[in-house]
Amino acid sequence: MPTPSEPVAPVIGWHFDNSYARLPAPFHSRVNPTPVAEPGLVLFNRPLALSLGLDPAAFTGPHAAAGFTGNMILDGAEPIAQAYAGHQFGNLARLGDGRAILLGEHLSPTGQRFDIQLKGSGPTPYSRRGDGRAALGPMLREYLISEAMHGFGIPTTRSLAVASTGEPVIREQTLPGAVLTRVAASHIRVGTFEYFAALGDTDSLRILADYTLRRHYPEAAASEHPLLAMLHGVVDRQASLIAHWMRVGFVHGVMNTDNMALSGETIDYGPCAFIDAYNPATVFSSIDYHGRYAFGQQPGIAGWNLARLAEALLPVLHANPETALAQANEALATFAERFQHHWILVMRSKLGLFTAGPEDAALAEELLRWMHQTRADYTYTFRNLAPDASSEDSGFTAWQQRWAQRLSRQPQSREEVAQLMNTNNPAVIPRNHLVEAALAAATENNLTPLERLLTALADPYDETGQPPELLNPPPPGTPVCRTFCGT
Ligand code: AMP
Ligand code: MG
């Protein structure tokens, strides 16, 4: 791996080094993508390609589309489907990549390692009764929302391309098929640990834990107890991630343990969406009948998922089971405090607070309570908060006075406050009604609304030149769209 002082290599091409494929047999199954009838490039992420050290000019024409559907295997790729399990809505199941294939790990010119994965690339040994395919709409949705998350500055997997297959996929309706090329720090999930724990395969569990530590928590290696230090690190990264989801009003929608990445990146964009009116009970997913993954439940669910990870790790944490349990519990117990820590940092930034005051949490909570009661739009309200804005709502003005007093007790200028707020409160989010309209147009071969959204979301803190419909809450009467999973 080059050190930062070495010159960055010129723009080149794929540079694969497939460490996960080198792990022992139980970790994966070797399987190639199934070629599709008619590959066509729908979206290509030029800035991401450049940051990976790829030459965008090499991704034009039929060649590119063939690479992004798996019709052509990239030079140096060693396609595998990864084995994992997962608690889905609370129940443990054996899963694995049923419709995704890891092509390999690309090393960028700066030495960073990225998984390059095709999603929707055909059946694998883990497909169960599924067809291994994906529909165009959901793959465009993942591309759009993951790139939006990146624009917000929130850790996430990214999307390099969407390619159409020229084949139909049969769901409730017949839909056009597509393959997404996903770029991730890795695809190691809480469910990957659960897979080996459920099998009682402690040797594999240890290999996985050591591999994850080296790949994502190298700083833990120097600790007296590296795996426990890693667990603490995972807890902290998840606490931070969820706090940032709450910063922008993101509802993941299907926080099963197979959809929680050890890297701390947001992963697996299915029925996810952003809240408009503030309500912690907001659910979009059509299959989340009990609100398990509602907006306000996300911290609690993250804690629950981390408990499943800690449980899976017990056999490798310590030779003495009681000591292992005590250590796991000690790490888990830090989650509430770590989340509160990150949440208050997020809320201070949203309120323009540079300093820490004892009343800050109450100040934030009171505003949220008011927003809930009045069904205020989460994004619009925060973006347009100003200590001197006039309002006819006495509830709001009472809060506003307290906030103004709090602001006056810090030395920063009005401009500095506005700057902090405007770099943490997005002006543009992928609002559900806009996303649905853009995806509907895209499936009718009109990519213009989707591309407009993508452009705005590349710089979501800048409202300059954005049309009002991207900045404003949905017009009254806009129906709330359900979002669908696994399509
Ligand atoms: P998800 O809900 O997308 O996280 O997927 C949960 C599990 O179902 C994963 O193991 C997927 O690989 C698998 N899966 C989802 N859709 C399909 C499909 N069409 N064919 C095969 N497996 C699938
Ligand atoms: Mg998943």
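Analyst: Happy to! One thing to keep in mind is that this is a predicted model. Both residues you picked, Asn-259 and Asp-268, are buried. They coordinate the magnesium ion (ligand 2), Asn-259 through its OD1 atom and Asp-268 through OD, at 2.0 to 2.2 Å.

Let's stay with Asp-268 for a bit. Its relative accessibility is 13%, and because the cut-off for buried is under 20%, Asp-268 counts as buried.

Next comes Arg-189, whose side chain forms a salt bridge with Asp-268 at 3.2 Å, N to O. Here too the link joins distant parts of the chain, 79 residues apart, with Arg-189 in the loop between strand 10 (174-184) and helix 4 (190-199). Arg-189 has a relative accessibility of 1%, so it counts as buried.

Now for a contrast elsewhere in the chain. Glu-359 and Arg-409 also meet in a salt bridge, at 2.1 Å from N to O. Glu-359 is in the loop between helix 8 (321-351) and helix 9 (360-374), and Arg-409 is in the loop between helix 11 (394-408) and helix 12 (414-422), 50 residues apart. Glu-359 is partly exposed, with a relative accessible area of 23%, whereas Arg-409 is exposed, at 51%.

Stepping back, a search of the whole structure turns up 26 salt bridges. Some residues are joined in a network of them: Asp-17, Arg-22, Glu-105, Arg-113, Asp-115 and Arg-215.

What about the nonpolar side chains? In soluble globular proteins, nonpolar side chains tend to be buried together. In this model, the largest nonpolar core has 118 residues, and Phe-193, Leu-351 and Leu-450 have the most contacts inside it. Helix 6 (residues 226-248) gives the most to this core, with 13 residues. The core also draws at least three residues from each of domain 1 (20-188) and domain 2 (351-422). To zoom in on one member, Leu-450 touches Leu-43, Leu-140, Leu-144, Ala-438, Leu-439 and Ala-442, leaving aside residues up to four places away in sequence. Apart from this core lies another one, of 20 residues, including Trp-14 and Leu-52.

Notes:
Residues are numbered from 1 along each chain as its sequence is written. Chains are lettered from A and ligands numbered from 1 in the order in which they are written. This is a predicted model: local features need pLDDT of at least 70, side-chain atom pairs count only at pLDDT 80 or more; totals for chains, interfaces and linings use all residues. Side-chain values use heavy atoms; hydrogens and water are left out. Donors are N, O and S atoms within 2.8 Å of the metal (3.2 Å for Na, K and Ca); water is not among the atoms, so sites may look incomplete. Buried means under 20% relative accessible area, exposed over 50%, partly exposed in between (1.4 Å probe, protein chains only). A salt bridge is a side-chain nitrogen of Lys or Arg within 4 Å of a carboxyl oxygen of Asp or Glu. Helices (H or I, at least four residues) and strands (E, at least two) are DSSP runs, numbered from the N terminus. A nonpolar core is a set of buried Ala, Val, Leu, Ile, Met, Phe, Trp, Tyr and Cys residues joined through side-chain atoms within 4.5 Å. Domain bounds come from an automatic or database domain assignment. Contact means heavy atoms within 4.5 Å.
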